[in-house]
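Here are my notes for your reading of this model. Keep the structure open beside you and work through the points in order.

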Amino acid sequence: MADKVIAGDLCTINWSDDGATWAEIPGCKTVGIPEETQEYRDRTSLDSPGRSKEYGVGLTDISELTLSCFYSAALYEQALAFKESQVPVYFQVVLPAVPGDQLTGDTFEYRAFVNPSIPSLDVDGDLMTDLKLRPTGQVSWTKGDPVV
């Protein structure tokens with residue numbers, strides 16, 4: 001099973017202002033796919049069977065995340081332009097194909113508001129740009145093409 005593991009450093013992280021024309025985020029060090037948290041609403045009433053709590057499905061929340069990238073003026077300028085537009089940006093995470101199982105890898109897509117920041121220097125002393133993302137809407141998943 002160890003040969004079916006997907007290496008994070010082989011993933012491609014793209015962004016786009018229109019969801020059609022994609023550009024790889026330069027110097028991106030982290031893979032970011034938002035986590036979804038399902039809300040469950042309390043639907044308990046005085047006539048709930050056995051005095052047991054009852055729940056119903058509510059809304060889904062998508063977690064905030066940060067993409068850590070090596071600093072460049074071009075990256076920071078683009079991220080700042082996305083922030084100033086006040087419009088969510090399209091993000092695409094393309095996984096490599098699983099050898100022997102897939103011809104193409106799975107793809108995750110989502111939209112998020114971008115807030116760039118320059119964190120303190122990390123241990124190796126490289127200047128970074130953090131893209132702090134607040135996703136909005138759903139995360140979509142497209143399964144890669146299987147080997148036939």
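**Notes on the predicted model**

1. Start with one pair of residues. T107 has T142 as its bridge partner in β8. Keep in mind that the model is predicted.

2. Stay with T107 for a moment. This residue sits in strand β7. Is T107 buried or exposed? T107 is buried, because its relative accessibility is 16% and the cut-off for buried is under 20%. Leaving aside residues up to four places away in sequence, T107 touches Q92, V93, V94, S140, W141 and T142.

3. Now look at the strands around that pair. β7 and β8 run antiparallel and are joined by 10 bridges. β6 and β7 also run antiparallel, with 6 bridges between them. In general, strands of a sheet pair through backbone hydrogen bonds, either parallel or antiparallel.

4. Strand β1 (residues 12-16) is joined to β2 by 2 bridges, and the two run antiparallel. W15 has A23 as its bridge partner in β2. The loop between β1 and β2 holds G19. G19 is partly exposed, at 29% relative accessibility. Find G50 as well: it is 31 residues from G19 along the chain, and their C-alpha atoms are separated by 50 Å.

5. Next, the surface. Which residues form a nonpolar patch there? They are Y71, I118, L121 and L127, with about 370 Å² of accessible area together. L127 is in the loop between β7 and β8. With a relative accessible area of 41%, L127 is partly exposed.

6. Turn to the charged pairs. How many salt bridges does the structure hold? It holds 4. One of them joins E39 and R41, with the closest N and O atoms 3.1 Å apart. E39 is partly exposed at 35% relative accessibility. R41 is partly exposed too, at 38%.

7. D42 and K53 make another salt bridge, at 2.9 Å from N to O. The pair links distant parts of the chain, 11 residues apart. D42 lies in strand β3 (residues 36-42), and K53 in the loop between β3 and β4 (55-62). Compare their surroundings. D42 is partly exposed, with a relative accessible area of 42%. K53 counts as exposed, at 53%, because the cut-off for exposed is over 50%.

8. Finish with D61 and R134. Their side chains meet in a salt bridge of 3.4 Å, N to O. D61 is in strand β4 and R134 in strand β8, so the pair ties together parts 73 residues apart in sequence. D61 is partly exposed, with a relative accessible area of 43%. R134 is partly exposed at 32%. Which residues make up the salt-bridge network? D61, E64 and R134 are linked in it.

Conventions. Residues are numbered from 1 along each chain as its sequence is written. This is a predicted model: local features need pLDDT of at least 70, side-chain atom pairs count only at pLDDT 80 or more; totals for chains, interfaces and linings use all residues. Side-chain values use heavy atoms; hydrogens and water are left out. Two strands pair if DSSP finds at least two bridges between them. Helices (H or I, at least four residues) and strands (E, at least two) are DSSP runs, numbered from the N terminus. Patches are made of residues with over 30% relative accessible area and no salt bridge: like charges are joined within 9 Å, nonpolar side chains (Val, Leu, Ile, Met, Phe, Trp, Tyr) within 5 Å. Accessible areas come from the Shrake-Rupley method with a 1.4 Å probe; for residues, only the protein chains shown count as cover. Buried means under 20% relative accessible area, exposed over 50%, partly exposed in between (1.4 Å probe, protein chains only). Contact means heavy atoms within 4.5 Å.
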